[in-house]
Amino acid sequence: MSQNLLKISLLCAFVFFGMKITLAQKQNMTLKQPPYLKAGDTVAIVAPSGILKNRAGEVQQAKALLKSWGLHSIVGKHVFKKSNHFAGTDDERCEDFQKALDDPKISAIWCARGGYGAVRILDKLDYSKFKQNPKWLIGYSDITALHNQVHNQGVESLHAIMCVSIPKNLSEIEASISTFKTAVFGKPLSYKLKASSYNKKGTASGQLVGGNLTMLHTMLGSKTSINTSEKILFIEEIGEYKYHIDRMLQSLKRAGYFNNCKGVIIGDMTKLKKNTTLWGTSIEQLILDALSDYDFPIAFNMPAGHEKNNQALIFGRKIQLIVDSEQTSIIFNK
(Lines give C-alpha, C1' and ligand atoms only; values in the text may rest on other atoms or scores of the structure.)
Protein backbone atom coordinates (compact mmCIF):
# COMPACT_ATOMS: atom_id res chain seq x y z
CA MET A 1 0.00 0.00 0.00
CA SER A 2 1.41 3.39 -0.94
CA GLN A 3 2.10 5.97 1.76
CA ASN A 4 -0.62 8.31 0.39
CA LEU A 5 -3.20 5.54 0.27
CA LEU A 6 -2.32 4.54 3.83
CA LYS A 7 -2.78 8.13 4.98
CA ILE A 8 -6.16 8.34 3.25
CA SER A 9 -7.27 5.04 4.79
CA LEU A 10 -6.24 6.15 8.27
CA LEU A 11 -7.99 9.49 7.81
CA CYS A 12 -11.22 7.78 6.68
CA ALA A 13 -11.08 5.42 9.65
CA PHE A 14 -10.50 8.33 12.03
CA VAL A 15 -13.43 10.30 10.60
CA PHE A 16 -15.74 7.25 10.58
CA PHE A 17 -15.03 6.15 14.15
CA GLY A 18 -14.89 9.73 15.35
CA MET A 19 -18.38 10.30 13.93
CA LYS A 20 -19.61 7.12 15.63
CA ILE A 21 -18.19 8.21 18.98
CA THR A 22 -19.64 11.72 18.61
CA LEU A 23 -23.05 10.27 17.67
CA ALA A 24 -22.98 7.87 20.60
CA GLN A 25 -22.09 10.71 22.96
CA LYS A 26 -24.92 12.82 21.56
CA GLN A 27 -27.40 9.95 21.88
CA ASN A 28 -26.57 9.48 25.57
CA MET A 29 -25.75 13.01 26.61
CA THR A 30 -27.25 14.52 29.73
CA LEU A 31 -30.38 16.38 28.73
CA LYS A 32 -31.12 19.94 29.75
CA GLN A 33 -33.37 20.15 32.77
CA PRO A 34 -35.91 22.97 32.50
CA PRO A 35 -36.05 25.14 35.64
CA TYR A 36 -38.39 23.66 38.22
CA LEU A 37 -41.54 25.65 38.86
CA LYS A 38 -41.87 28.08 41.74
CA ALA A 39 -44.67 30.30 43.01
CA GLY A 40 -45.38 33.10 40.57
CA ASP A 41 -44.44 31.13 37.45
CA THR A 42 -46.83 30.88 34.50
CA VAL A 43 -48.08 27.70 32.83
CA ALA A 44 -49.49 27.77 29.30
CA ILE A 45 -52.43 25.43 28.63
CA VAL A 46 -52.57 24.35 24.98
CA ALA A 47 -54.39 21.73 22.92
CA PRO A 48 -52.10 20.26 20.23
CA SER A 49 -54.29 17.23 19.54
CA GLY A 50 -57.95 16.29 19.94
CA ILE A 51 -61.02 18.47 20.25
CA LEU A 52 -62.06 19.76 23.68
CA LYS A 53 -65.79 19.38 23.23
CA ASN A 54 -67.65 20.04 26.51
CA ARG A 55 -64.35 20.06 28.45
CA ALA A 56 -64.22 23.70 29.54
CA GLY A 57 -65.03 22.65 33.11
CA GLU A 58 -61.93 20.45 33.37
CA VAL A 59 -59.73 23.25 32.04
CA GLN A 60 -61.12 25.59 34.71
CA GLN A 61 -60.42 22.96 37.36
CA ALA A 62 -56.87 22.64 36.04
CA LYS A 63 -56.41 26.41 36.29
CA ALA A 64 -57.74 26.32 39.87
CA LEU A 65 -55.25 23.57 40.75
CA LEU A 66 -52.35 25.63 39.40
CA LYS A 67 -53.59 28.67 41.31
CA SER A 68 -53.66 26.65 44.53
CA TRP A 69 -49.95 25.97 43.97
CA GLY A 70 -49.22 29.68 43.54
CA LEU A 71 -48.91 29.45 39.77
CA HIS A 72 -50.44 31.61 37.04
CA SER A 73 -51.97 30.15 33.89
CA ILE A 74 -52.87 31.29 30.42
CA VAL A 75 -55.02 29.38 27.94
CA GLY A 76 -54.06 29.28 24.29
CA LYS A 77 -56.21 31.37 21.95
CA HIS A 78 -57.37 28.35 19.94
CA VAL A 79 -57.79 25.72 22.71
CA PHE A 80 -61.56 25.50 22.34
CA LYS A 81 -61.64 25.76 18.56
CA LYS A 82 -63.17 22.88 16.55
CA SER A 83 -61.89 21.56 13.27
CA ASN A 84 -63.31 18.12 12.61
CA HIS A 85 -61.45 15.76 14.97
CA PHE A 86 -59.08 18.43 16.25
CA ALA A 87 -58.88 21.38 18.64
CA GLY A 88 -58.60 23.82 15.76
CA THR A 89 -56.82 23.52 12.44
CA ASP A 90 -53.22 22.30 12.30
CA ASP A 91 -52.06 25.90 11.90
CA GLU A 92 -54.14 27.09 14.86
CA ARG A 93 -52.91 24.33 17.16
CA CYS A 94 -49.36 24.95 15.99
CA GLU A 95 -49.71 28.69 16.62
CA ASP A 96 -50.68 28.17 20.27
CA PHE A 97 -47.92 25.62 20.86
CA GLN A 98 -45.27 27.70 19.09
CA LYS A 99 -46.22 30.80 21.09
CA ALA A 100 -45.82 28.84 24.33
CA LEU A 101 -42.45 27.49 23.16
CA ASP A 102 -41.16 30.96 22.32
CA ASP A 103 -42.50 33.03 25.22
CA PRO A 104 -39.75 33.45 27.88
CA LYS A 105 -42.43 34.24 30.49
CA ILE A 106 -43.88 30.71 30.15
CA SER A 107 -42.28 28.15 32.50
CA ALA A 108 -44.27 25.06 31.48
CA ILE A 109 -46.55 23.88 28.67
CA TRP A 110 -49.43 21.77 29.95
CA CYS A 111 -51.37 19.91 27.29
CA ALA A 112 -55.12 20.03 27.81
CA ARG A 113 -55.72 16.56 26.32
CA GLY A 114 -54.34 13.96 23.95
CA GLY A 115 -56.45 11.97 21.52
CA TYR A 116 -54.87 12.37 18.11
CA GLY A 117 -53.29 15.21 16.17
CA ALA A 118 -49.87 16.14 17.60
CA VAL A 119 -48.06 14.32 14.78
CA ARG A 120 -49.67 16.69 12.27
CA ILE A 121 -47.88 19.74 13.72
CA LEU A 122 -44.45 18.23 14.51
CA ASP A 123 -42.76 19.45 11.34
CA LYS A 124 -44.24 22.93 11.69
CA LEU A 125 -42.59 23.63 15.07
CA ASP A 126 -39.40 25.64 15.60
CA TYR A 127 -37.49 24.83 18.80
CA SER A 128 -34.68 27.40 18.46
CA LYS A 129 -36.03 29.75 21.17
CA PHE A 130 -37.18 26.81 23.32
CA LYS A 131 -33.62 25.45 23.45
CA GLN A 132 -32.38 28.84 24.67
CA ASN A 133 -35.15 28.94 27.30
CA PRO A 134 -36.26 25.34 27.99
CA LYS A 135 -39.51 24.73 29.83
CA TRP A 136 -41.47 21.68 30.95
CA LEU A 137 -43.70 19.92 28.42
CA ILE A 138 -46.43 18.03 30.33
CA GLY A 139 -48.82 15.36 29.04
CA TYR A 140 -49.18 11.75 27.98
CA SER A 141 -50.84 9.55 25.33
CA ASP A 142 -50.75 11.38 21.96
CA ILE A 143 -48.34 13.88 23.54
CA THR A 144 -45.72 11.12 23.28
CA ALA A 145 -45.00 12.49 19.79
CA LEU A 146 -44.02 15.83 21.34
CA HIS A 147 -42.08 14.12 24.15
CA ASN A 148 -40.04 12.37 21.47
CA GLN A 149 -39.39 15.64 19.67
CA VAL A 150 -38.40 17.46 22.86
CA HIS A 151 -36.10 14.56 23.81
CA ASN A 152 -34.35 14.82 20.45
CA GLN A 153 -33.90 18.54 21.11
CA GLY A 154 -31.94 17.55 24.23
CA VAL A 155 -34.47 18.62 26.88
CA GLU A 156 -36.26 16.69 29.65
CA SER A 157 -40.07 16.53 29.74
CA LEU A 158 -42.81 15.29 32.04
CA HIS A 159 -45.16 12.35 31.38
CA ALA A 160 -48.07 13.24 33.67
CA ILE A 161 -51.76 14.05 33.89
CA MET A 162 -53.40 16.55 31.53
CA CYS A 163 -56.12 19.12 32.13
CA VAL A 164 -58.95 16.76 31.18
CA SER A 165 -57.65 14.38 33.87
CA ILE A 166 -58.69 16.78 36.66
CA PRO A 167 -62.00 15.77 38.32
CA LYS A 168 -64.09 17.95 40.62
CA ASN A 169 -63.07 15.73 43.54
CA LEU A 170 -59.28 15.86 43.53
CA SER A 171 -59.04 13.00 46.01
CA GLU A 172 -60.00 10.64 43.16
CA ILE A 173 -56.54 11.13 41.62
CA GLU A 174 -54.58 12.11 44.71
CA ALA A 175 -51.42 10.13 43.80
CA SER A 176 -51.44 11.46 40.23
CA ILE A 177 -51.63 15.07 41.42
CA SER A 178 -49.10 14.53 44.20
CA THR A 179 -46.43 13.02 41.95
CA PHE A 180 -47.09 15.65 39.26
CA LYS A 181 -46.48 18.40 41.81
CA THR A 182 -43.44 16.59 43.21
CA ALA A 183 -41.84 16.31 39.79
CA VAL A 184 -42.57 19.79 38.47
CA PHE A 185 -41.46 21.53 41.70
CA GLY A 186 -38.23 19.52 41.80
CA LYS A 187 -38.77 17.36 44.88
CA PRO A 188 -37.11 13.89 44.99
CA LEU A 189 -39.09 11.37 42.93
CA SER A 190 -38.98 7.59 43.37
CA TYR A 191 -41.32 4.61 43.26
CA LYS A 192 -41.61 1.28 45.04
CA LEU A 193 -43.82 -0.98 42.92
CA LYS A 194 -45.50 -4.18 43.95
CA ALA A 195 -43.66 -7.17 42.53
CA SER A 196 -45.24 -9.03 39.62
CA SER A 197 -44.76 -12.73 38.94
CA TYR A 198 -44.08 -11.67 35.34
CA ASN A 199 -41.19 -9.35 36.28
CA LYS A 200 -37.78 -10.13 34.84
CA LYS A 201 -35.29 -9.45 37.62
CA GLY A 202 -32.20 -7.32 37.25
CA THR A 203 -30.76 -3.85 37.73
CA ALA A 204 -30.11 -1.09 35.23
CA SER A 205 -29.50 2.62 34.96
CA GLY A 206 -30.08 4.99 32.08
CA GLN A 207 -32.23 7.80 30.75
CA LEU A 208 -35.96 7.09 30.89
CA VAL A 209 -37.72 7.48 27.53
CA GLY A 210 -40.94 6.26 25.92
CA GLY A 211 -44.66 6.80 26.30
CA ASN A 212 -47.61 5.45 24.37
CA LEU A 213 -46.68 2.34 22.38
CA THR A 214 -48.76 3.26 19.32
CA MET A 215 -47.09 6.67 19.13
CA LEU A 216 -43.59 5.22 19.53
CA HIS A 217 -44.42 2.81 16.72
CA THR A 218 -45.80 5.67 14.60
CA MET A 219 -42.52 7.59 14.94
CA LEU A 220 -40.38 4.73 13.55
CA GLY A 221 -38.31 5.73 10.53
CA SER A 222 -38.76 9.46 11.13
CA LYS A 223 -36.50 12.08 12.67
CA THR A 224 -38.85 12.09 15.67
CA SER A 225 -38.11 8.49 16.57
CA ILE A 226 -36.01 8.17 19.73
CA ASN A 227 -32.77 6.27 20.05
CA THR A 228 -33.14 3.82 22.94
CA SER A 229 -29.49 2.74 23.13
CA GLU A 230 -28.32 2.62 26.78
CA LYS A 231 -31.75 3.90 27.87
CA ILE A 232 -34.72 2.49 29.81
CA LEU A 233 -37.98 2.36 27.89
CA PHE A 234 -41.44 2.97 29.39
CA ILE A 235 -44.54 1.89 27.46
CA GLU A 236 -48.30 2.07 28.04
CA GLU A 237 -51.34 1.51 25.83
CA ILE A 238 -55.14 1.80 25.64
CA GLY A 239 -57.90 0.32 23.52
CA GLU A 240 -55.82 -2.11 21.43
CA TYR A 241 -56.14 -5.75 20.51
CA LYS A 242 -53.41 -7.98 21.90
CA TYR A 243 -52.30 -8.92 18.43
CA HIS A 244 -51.92 -5.21 17.61
CA ILE A 245 -49.64 -4.82 20.63
CA ASP A 246 -47.60 -7.83 19.58
CA ARG A 247 -47.36 -6.49 16.03
CA MET A 248 -46.05 -3.14 17.27
CA LEU A 249 -43.51 -4.79 19.57
CA GLN A 250 -42.34 -7.02 16.73
CA SER A 251 -41.95 -3.96 14.48
CA LEU A 252 -39.91 -2.13 17.11
CA LYS A 253 -37.85 -5.26 17.63
CA ARG A 254 -37.10 -5.66 13.92
CA ALA A 255 -36.09 -1.99 13.79
CA GLY A 256 -33.46 -2.63 16.48
CA TYR A 257 -35.34 -0.66 19.16
CA PHE A 258 -34.39 -3.07 21.95
CA ASN A 259 -30.89 -4.12 20.83
CA ASN A 260 -28.99 -1.91 23.30
CA CYS A 261 -31.88 -1.02 25.59
CA LYS A 262 -31.05 -1.23 29.32
CA GLY A 263 -34.52 -2.11 30.62
CA VAL A 264 -38.26 -1.84 30.07
CA ILE A 265 -40.99 -0.54 32.40
CA ILE A 266 -44.57 -1.49 31.61
CA GLY A 267 -47.34 0.93 32.52
CA ASP A 268 -51.09 0.42 32.23
CA MET A 269 -52.46 -1.65 29.39
CA THR A 270 -56.01 -0.31 29.53
CA LYS A 271 -59.30 -1.41 27.93
CA LEU A 272 -57.78 -4.12 25.76
CA LYS A 273 -60.14 -5.35 23.05
CA LYS A 274 -61.08 -8.99 22.52
CA ASN A 275 -60.55 -10.37 19.06
CA THR A 276 -62.75 -13.19 17.73
CA THR A 277 -59.61 -15.32 17.69
CA LEU A 278 -58.31 -15.12 21.26
CA TRP A 279 -54.62 -14.45 21.75
CA GLY A 280 -54.21 -17.22 24.30
CA THR A 281 -51.98 -15.57 26.93
CA SER A 282 -52.07 -12.61 29.27
CA ILE A 283 -50.79 -9.26 28.05
CA GLU A 284 -47.86 -9.65 30.44
CA GLN A 285 -46.86 -12.96 28.87
CA LEU A 286 -47.28 -11.49 25.40
CA ILE A 287 -44.77 -8.77 26.27
CA LEU A 288 -42.33 -11.21 27.83
CA ASP A 289 -42.52 -13.47 24.79
CA ALA A 290 -41.91 -10.56 22.42
CA LEU A 291 -38.85 -9.49 24.45
CA SER A 292 -37.55 -12.97 25.24
CA ASP A 293 -34.37 -12.46 23.19
CA TYR A 294 -33.10 -9.76 25.56
CA ASP A 295 -31.58 -10.03 29.03
CA PHE A 296 -32.51 -6.62 30.42
CA PRO A 297 -34.86 -6.27 33.43
CA ILE A 298 -38.58 -5.87 32.76
CA ALA A 299 -40.88 -4.33 35.38
CA PHE A 300 -44.65 -4.46 35.37
CA ASN A 301 -47.16 -2.59 37.61
CA MET A 302 -46.03 1.00 36.96
CA PRO A 303 -49.20 3.06 37.59
CA ALA A 304 -48.85 5.36 34.59
CA GLY A 305 -50.97 5.64 31.47
CA HIS A 306 -54.69 5.93 30.86
CA GLU A 307 -55.99 5.00 34.32
CA LYS A 308 -56.94 7.56 36.96
CA ASN A 309 -53.79 6.65 38.88
CA ASN A 310 -51.35 8.14 36.37
CA GLN A 311 -48.18 8.92 38.26
CA ALA A 312 -45.52 11.24 36.93
CA LEU A 313 -42.36 10.19 35.06
CA ILE A 314 -39.51 12.50 34.05
CA PHE A 315 -38.48 11.62 30.50
CA GLY A 316 -34.82 12.13 29.70
CA ARG A 317 -33.80 11.87 33.37
CA LYS A 318 -31.40 9.12 34.39
CA ILE A 319 -33.00 6.56 36.68
CA GLN A 320 -31.96 3.52 38.67
CA LEU A 321 -34.16 0.48 38.01
CA ILE A 322 -33.99 -2.39 40.49
CA VAL A 323 -36.29 -5.36 39.87
CA ASP A 324 -36.17 -8.13 42.48
CA SER A 325 -38.50 -10.74 43.92
CA GLU A 326 -39.86 -8.38 46.59
CA GLN A 327 -40.49 -5.16 44.67
CA THR A 328 -39.39 -2.86 41.87
CA SER A 329 -37.55 0.35 42.74
CA ILE A 330 -37.42 3.29 40.35
CA ILE A 331 -35.22 6.13 41.56
CA PHE A 332 -34.85 9.36 39.60
CA ASN A 333 -31.46 11.07 39.81
CA LYS A 334 -31.46 14.63 41.08
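Reply: Start with strands. Helices (H or I, at least four residues) and strands (E, at least two) are DSSP runs, numbered from the N terminus. Two strands pair if DSSP finds at least two bridges between them. This is a predicted model, in which local features need pLDDT of at least 70 and side-chain atom pairs count only at pLDDT 80 or more, while totals for chains, interfaces and linings use all residues. Residues are numbered from 1 along each chain as its sequence is written, and side-chain values use heavy atoms, with hydrogens and water left out.

Me: What makes β12 and β13 a pair?

Reply: Five bridges join β12 (residues 318-323) to β13. At least two are needed, so they pair. The two strands run antiparallel. Ile-319 stands opposite Phe-332 in β13. Three residues lie between the strands of this hairpin.

Me: How do you know that β6 pairs with β13?

Reply: Again by bridges. Five of them join β6 (residues 190-194) to β13 (residues 327-332), and the strands run antiparallel. Tyr-191 stands opposite Ile-330.

Me: Why is the pair of Trp-110 and Phe-180 called tilted?

Reply: Rings of Phe, Tyr and Trp (its six-membered ring) pair if their centres lie within 6.5 Å; planes under 30 degrees apart count as stacked, over 60 as edge-to-face and the rest as tilted. Trp-110 and Phe-180 are 5.2 Å apart, centre to centre, with 50° between the planes. That angle falls in the rest, so the pair is tilted. Trp-110 lies in strand β3 and Phe-180 in helix α6, so the pair ties together parts 70 residues apart in sequence.

Me: What makes the pair of Tyr-191 and Phe-332 edge-to-face?

Reply: The angle between the planes is 75°, and the centres are 6.5 Å apart.

Me: Why is Cys-163 called buried?

Reply: Buried means under 20% relative accessible area, exposed over 50%, partly exposed in between (1.4 Å probe, protein chains only). Cys-163 has 0%, so it is buried. Its place is in the loop between β5 (157-159) and α6 (174-184).

Me: Which residues does Cys-163 touch, not counting those up to four places away in sequence?

Reply: Contact means heavy atoms within 4.5 Å. Among the residues that Cys-163 touches are Ile-45, Glu-58, Trp-110 and Cys-111. Trp-110 is itself buried.
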